[in-house]
Every structure is written in C-alpha cells, then in structure tokens.
Amino acid sequence: MVQAVAPAMIDDATIERSPGYWSTVWRRFRRDPVAMIALGVIVLLILIAILAPYIAPHDPFRGATLRRLRPPGTPGYLLGTDELGRDMLSRLIYGARLSLFMGVTPVFLALFIGSAIGVTAGYVGGIVNTLLMRTIDIIFAFPSVLLAIALSGAMGAGIVNGLISLTIVFIPPIARIAESVTTSVRSLDYVEAARASGAGALSIVRKHVLGNVLGPIFVYAMSLIAVSMILASGLSFLGLGVRPPEPEWGLMLNTLRTALYTQPMLCALPGIMIFITSISFNLLTDGLRSAMDIKA
Amino acid sequence: MLTYIAKRVIYTLPIMLGVAIVCFLLVHIAPGDPLVSVLPPDASEQLRQQMMALYGFDRPYAEQFLKWLGRALGGDLGTSIRTNRPVVAEVGKAVSNTLMLAALATVIGFVLGSLFGFVAGSFRDTWIDKVASAISVTGVSVPHYWLGMVLVIIFSAQLGWLPPTGAGPGGSDNWVWDWAHIRHMILPAVTMSVIPMGIIARTVRALVAEILSQEFIAGLKAKGMSAFGIFRHVVKNAAPTALAVMGIQLGYLLGGSILIETVFSWPGTGLLLNDAIFQRDLPLLQGTILVLACFFVVLNLIVDVVQTAIDPRIARS
Amino acid sequence: MASDTVMTRAPAAAQATGSEPVRPLLEAADLVKHFPIKSGLLGRSNAVVRAVDGVTFSLYPGETLGIVGESGCGKSTTARVLMNLIKPDSGNVLLNGRAPGTPELSLKAFRSQVQMVFQDSYASLNPRLTVEDSIAYGPTVHGVSGTDAVRRARRLLDRVGLDPRRFAGRYPHELSGGQRQRVNIARALALEPKVIILDEAVSALDKSVEAQVLNLLLDLKEEIGLTYIFISHDLEVVRFIANRVMVMYLGRVAEIGPTDALYTGGRHPYTTALLGSMLSMDPDERTMEAPLAGDPPNPIDPPSGCRFHTRCSFAESVCSAKTPALTVSGTGHFTACHMVDPGSGHSKAAA
C-alpha cells in the first residue's frame, strides 16, 4: 500500500475532478447545431414574452373598425391587422405570453405530480404501486386530446380550467415513466448497498434514486411540451381555453377563421408561431436525449 | 397464450369500470346547473325540482351512477337534451363517420410514415436520413388544425380543387362511396394523417436502424444474402411493432378528431362533442366520451392480443 | 436441522486461542426464505422457490467463513438475509446474541457492524456520485458530518490502494473493475464494521487483479481485525482465503468444517464431488469419486429427504425418505449425510 500522502491533509484543490454527468451532457449538447438553434429559438420566444410591452409596436387590445383585416406589409402594421383592426405583430408578440404559459405550465405541474406518484409507486412497490398505477391506467385509458377536451368542456372555458385539464392529461404518461425507471433503479445493487449502510427510504430516494431517474423523466416531460403547446392552443382554438380578447395564438387562429378566404396569409400567422414553438421543443428534446445517451 | 388473453381481458374490466366512473363524474364536475340548457332562465323552483327528479339528478351519486351504468350496459345512454333523440343514435352515426376518416388517415399515415422511416433508418446519418427525419419531426410538431386551414386556403380557396367543409354535396347527411363524397374526405384525411405519419416514421426509423445494426444482419450479409433478402428480414422484424403503433394511433385519431372535424365541419364524433360542449348537452357529452374511450380501451386490448399472437415474447414482459 | 447446541461449539481454530469457548459474533438460526412465483390467472402465487431452506451456522470473531456451492444453491440469498436486505420467512440472525431490529440492536446499528461487498462492482456504485461521495454516504447516514465523512473517504481510498488525489473526484465508469471493487471495499469499511460479507466480490475480476484484491482483503483483516463471510463459486480462492468452509446444496447446508479438513477429507458425497471438479496438480490428490453429473434439481420442487440423493452414487432408500441432520464428523466438522450418522440406517454408516 502506498503511504505517500497523509490523507487527512489532502487539500480539496489537489483532487482531480472529472466533469459531472450534467456538464458532460451540456458539452455534448453544445456540439449539436440543430439542438442549439432550437434552444436559441426557445430562449428568444421567452424573451419576446417577457419583453412584450417594450417591443410590441402597438397596444394588442386596441382595434379600429376602419382598418380591419389589413394584409401583412401595411405601413405601420408590419403583419397586418386582425378582424377587429388590432395590430397582428403586437398580438403575436403578446400572444407568446399566454401561449407559452398555457403550453409549458401543465407539463411542469404534471412533471411534479407525476414523478411524485411514479417514484413513490416504483420505490414502495407492492399494494401502493398497484393502487396508484391502476388509477393512473384509468386516466391513461382515454386518448389525450379527448380527455383534455372532455375535462375543459365539462368545466367550461378559462385559463385555470385549461391548465387543470392539460395537467391531468400529462400526469399518467409521466407517472408511468417515473414508475418504470424507479422500479428498475430500485433493484440495482447500489440502492441495495445504500440500504445496507442503514439509510432510510427518504434518504435513499433523495440521494440515489432521484439523481438517476429525474434525468430520463425530465427528458420525457420535455418531449411533452411540444404536444402540450399544440393541445393548449387547440383548446383555445375550440373556444375552451383562453377567452377573448386575450391574445393567444390558438384563439387568434379561431377568430381569424372568418378571414380564411379574404386574408389567408393573416390567418396562417398564429399557426406558424405555434408550429415554430412546437418544433423547437421537439428538436431540443431530441438533442437532449442523444446528449444524455452516454455510453459508459 | 390463452391465459395471457384471458388475463388481459380481465385486466381490462376494472379499467372499463374506471372509465365509466370518470365519464359519469364529468357531468358532476361541470359547474352550474345540469339543466341550464333545458330550463328557461325564469323557470320556477317547482319546475326545476320536477325536472331534476325527471332526470334523476336529485338522487345520491352512487345510485345515479349504478342506474346510469345499468342503462349504459343495456345500450341506453340517455337522451340528448338538445335534440331529444337517444344519445346512442346520435353517437352511432357520428362514430361511423369518424371511423371512416380516421381509418383512411391511419392508412395514409402508415404508408408514408413507414416509407420515410424505412428510408431514414436504412440510410442512417446521411442527408436522406436528415430529410426524412425532418419530415417526421414536422409531422409531430405541426398544429394539425392549422395545417387543415392552410390546406383549405391552398386547395379550396386558391385552387378550388377540393371542397373546404362538409361530408358531401349540399351538406348531405348520407355517405355514398362516390367521387362527390370522397373528395370531401381528402383534405381532412390528409390533415389527420400527419401526426401518425410522424410517429410511425420515428418508430420505423428506430426499428430499422436497430435491426440493421444487429450482428445477425452482418452475418446474413457475410453469407451473401441479397439486398432484397435483408429487406425482407427487416420488414419481418419491424412489422409487429409498427402495426401495433398504427393500431394505437387509430385510437388516438378517433378520440382526437374534434379539432380537425371542427375545421372541416366533418359530421363525426368531434363535431358532435363540440356541439355538446357549447350547448351544454351533458348527456350527449357523457355518452360520446364514454363510447370513444371504450373504443380506445378495446382497440388497445386488440393490439396487445394481436401483437402477442405474432410475437409471443411480448406476453412475458 | 441441526440443533443449536451442536453449532455453538467453536471451531478448532478459534478454540486454540484460549480455553474459554469463543462466543460467536454472528449466528444464523434455521433461516428460511422462499420466493413466490407469480403465475396463474390472477397472479396468485402457487409455487415457491426454496432459495434458503433451513440454514444454521455461526461466525466466530476473526475468522473467514467461505460459502461454496453451485449457482442457485442459495449462497447469495443467504447473504442478503444475513444483511437483513431480505426478511427471512422464518429463523433469526443474531449479532453478539442480539437480533437486529429490536430495541437492543436497531437495524441501523446492525448495519454499521455488518457490511457487504457485491459481485457487480459497477452496479453497486451510484453512477451519478463521485467515488468519495459514494464512500462518504454511509457515514453521513450515521451522523458523521459531511466534511468528516469525505475526509474518512479519502483516507480509506488511500488505505485500499487508490491515490485519493487521482480517484476521489472520479465517477465509477472511469475506473477499472479492480479499482471499483477497491472503492466498494472502502465503502464497506467506511462504517467501521466488524463483519464484511463478500458476495462473489472477486469473481468478476481478472485473475491477476483478483489476487491483488484478495491480498488487500487479507491485509485489512489483519490490520483492522475484521471477520469475513466469503461467498464464491471458485473453490481455489475459497481454499486460499477461508479458515472454515460451508458447502451449500439447494438451500441447505451439506457440510461445514475447517478448510483443510473439508478439502482433504470432505465427508459429504456432494463436497467430494464438488471438489472433484477442481483441477489438481497432484495426481495423488485427485479424487476417484464420480464427477458431478447434470444440473442441480429444480429448487421449486426439490427432492425429498436428502436433496442430493438424485445425484448421489451412494443413495439408498433412507436418503429419499429422511432428511439427514448435521452430524459431528470431526473436530468442528459437521456433515449432513446419513453415511456419517451412526444409526441412520444407511448401509455405509458406522454402526
């Protein structure tokens, strides 16, 4: 045995440290141009949402009957005006706020609740697992769009009702993933070893289970944001989510349907925003997934 | 195998019961008075009580549920508040319209998706793969209700080739397999096919890439097997999973048709739901959702069983 | 089953140190663990795997007890039951005469005194924790402060032959199998245990690395005064490291005794058959017994009586009718075979 060092004296600075898992993931992610562009677009959209009052050229709520449905390129109204004469560009910019909020929030709520359910079911196992997961199965037995619409339809339109419905829709898939990842991690030797060292369940879950299951669960949840964006806007499109006159892309798409024949370009604009957001989240998730696929 | 099927069917029963409970509860999470759409706003309290008793809303939940469930099992889903016709009749016609549309969309999605996925998986990490993958990622990212509008703009408003709405000339109610009707189906079906196309393309790409990277393929190549022989091998190995995904997607389309049917005014379950929601026709809402959810559960069951019949390894996992 | 009075007698090696009989450190009394097999329409369990089916033995301070047997004989399950990772269906584990999970000895306190090293060096380390964090985790659970635990971890790394400056901040996947197993040993040592259960701990290593780790284990034992339970299917390694050896067959103890006595004069036909499968350099040591043929029977439905009778060339009717008890067959040497038990009715039994 080498006794060259007096171990108690080792200075932290002299310890060679390997980059941790997440910094390795980030390094790999950075090398993926598509994923980086997608990340850039999402950051940009978030900035637009935050800075809307400063960058929007007009008041998104103020209309004028005299200048309704002007085509894109109208002087002073870069992207035209909507069916009430409100500036399209300003409404699209302000629309980022509610649209992103309505698309992203349910997934994060569901991530929180679904992981709690799934990790509990997976770690505790037995009857607790059966009860929790069979209940989840029932919600999962509904096609997602149908369930979201049925719930919002029954509860009525509104932001909160929309958020609740979408959250309920996304809990089961996240809980299922969380349960299966946790079940597979639970039986690994390092969790056994942690139990063998006398640790309690909570300590083991915090230190050994969560660190290894949250990554895959998080990536899965990210992939749901793209779906959630489309669904949330879809609810508003049907008249179930956000209510007029709030600017929201799905709702704008709905109200502009009347102009389908007269101003088709105008009509297509909000959908392009939803599409850009959704595809960015999809590409970001793909990039993240392959960056996390570290063979070691 | 038989044990597995029996187990799977038995497992489905509590799920069905759960689904029924959720559908039943939908009416009761609805705010306000369930009679709001039938009663005149100035209805007397006495009339209200009478109506409550007539619809059974004054009984305890458990009793209401059991009665409702019993009738539903006997094929009676109540009466539509709006049209006064049996919910079953309303839903029945709509289901056949939606099923037709969803089946066509699934077939289109499956054919295109398999093609793109297969090409992408076979030429992995080349530009062909990138293009095919871009198409599939577009398919799952595009808001399909918006895509429907764009297609209407192009093919109806601008080119005038295809009708923008409805399921037949002059809003005719009865479907006939002739061109005058079929042309109404093309735009909604194509629009609807985009999501399954994207998902199936992704699945098939991953399957093909995985199969091609396996050692036995290298072995077959080394033994001098032709490209066609290997193609057959890949198809045989990828088909069960791809078909299963297709089955599930059909279920999602059936349940998720509301957005597209609204865009195209297609007289299916989606449009029916839309009416039920906005006219607060709760029995109709409840009945439609129950039927669609049951369809989905049964479809899942069939997919599982068929998949197990093709590949018995699955039953073990 | 063997009676406790027989088993609490100390082995010769331990007795030699003094005239007082040595108290066992760890005792296993009639451990039983059956695993239900899910099958049937509603997932009812209608069969069980008899993984451990009445195992009794004692572990004395300072010794190394080897446990050998074919795969599936219940070695690893025994280890996990001893560790209290699995609850036995019946039977007890006692540490210094006290049962873990009772007011006298909490499960946590028990686990600081008995530790385990697993076979799979990679799976037994959390991939998201650095080496020093993995080692330091146990002590923090037992109330040691974070900085002290990390300091202890670095000292232990040095002790198991890994330079802390190079290894403390690494992740498991960056280490070789031998290095990882040293980390696992350090992790087990971090709680300052009295007993370490080594479950196939060196089996996955290359031969040269295996020898280094075995030497490390011997050094540590001498220095710290550890007691080992060494589980392995490798008979040579067990002979090298163990003072006493326990042979298991289908969830039961076939024979237990001092290593030399067992390796040179095993009394159970299974022991001799198992050892017969070992390659010997010396022709005189080669056994003339029939080699062990076939796979062990299914533990779901084990043979009646002596479980080995289906593969034993000395089997007689008594063997399938009656379960043999562990019987004294030498100094500190016990064998569960009717041929050893006078009056069992076996024709070869000494009258």
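Q: What makes strand E8 (residues 244–249) of chain C count as mostly covered?
A: In this predicted model, a residue is buried if 20 or more other C-beta atoms lie within 10 Å of its own, and six of the six residues of E8(C) are buried, so the strand is described as mostly covered.

Q: Why are strand E3 (residues 64–68) of chain C and E8(C) called a pair, and in which sense do they run?
A: Two strands pair if at least two bridges are found between them; E3(C) and E8(C) share four bridges, so they count as paired, and the sense is parallel. In this pairing C:Ile67 has C:Met246 of E8(C) as its bridge partner.

Q: What makes E8(C) and strand E9 (residues 252–258) of chain C a pair, and what lies between them?
A: Six bridges join E8(C) and E9(C) in the antiparallel sense, and the requirement is at least two, so the two strands pair. One of the positions involved is C:Arg244, whose bridge partner in E9(C) is C:Pro258. E8(C) and E9(C) form a hairpin with two residues between them, and C:Leu250 in the turn has a positive phi of about 50 degrees.

Q: What describes the crossing of helix H4 (residues 87–122) of chain B and helix H7 (residues 179–212) of chain B?
A: The axes of H4(B) and H7(B) come within 5 Å and cross at roughly 35 degrees, and the crossing is right-handed. By class, the contact of H4(B) with H7(B) has 24 nonpolar, nine polar and two charged residues.

Q: How do you know that the span of helix H5 (residues 144–155) of chain A agrees with its number of residues?
A: At 1.5 Å a residue, the 12 residues of H5(A) should span 16 Å, and the end C-alpha atoms are 17 Å apart, which agrees.

Q: Why is H5(A) called largely enclosed?
A: Of the 12 residues of H5(A), 11 are buried, so this helix is largely enclosed by the rest of the structure. The buried residues include A:Ser144, A:Leu147, A:Ile149 and A:Gly153. Just after H5(A), A:Gly156 takes a positive phi of about 95 degrees.

Q: Which elements make up chain B, and what are its overall figures?
A: Chain B holds 13 helices and zero strands, and the C-alpha atoms of chain B fill a box of roughly 85 × 55 × 35 Å along the principal axes. Of the 317 residues of chain B, 39% count as buried. Among the contacts in chain B with a separation of 6 or more, 73% come from residues 24 or more positions apart.

Q: What makes up the side of chain A that touches chain B?
A: There, 34 residues of chain A are in contact with 38 residues of chain B. Helix H4 (126–140), H5, helix H8 (201–238) and helix H10 (264–292) of chain A each supply at least two residues of that side, and H10(A) gives the most, with 10 residues. By class, the residues of the side of chain A that touches chain B divide into 24 nonpolar, seven polar and three charged.

Methods
Residues numbered from 1 in each chain as written. Chains lettered and ligands numbered in written order. Predicted model: local features only at pLDDT ≥ 70, side-chain atom pairs only at ≥ 80, totals over all residues. Axes fitted to C-alpha atoms, helices over the stretch in contact; angles between N-to-C directions. Left-handed = near helix turned anticlockwise from the far one by under 90°. Nonpolar A, V, L, I, M, F, W, Y, C, P; charged D, E, K, R; others polar. Expected span 1.5 Å × (residues − 1). Contact = placed C-beta atoms within 7 Å.
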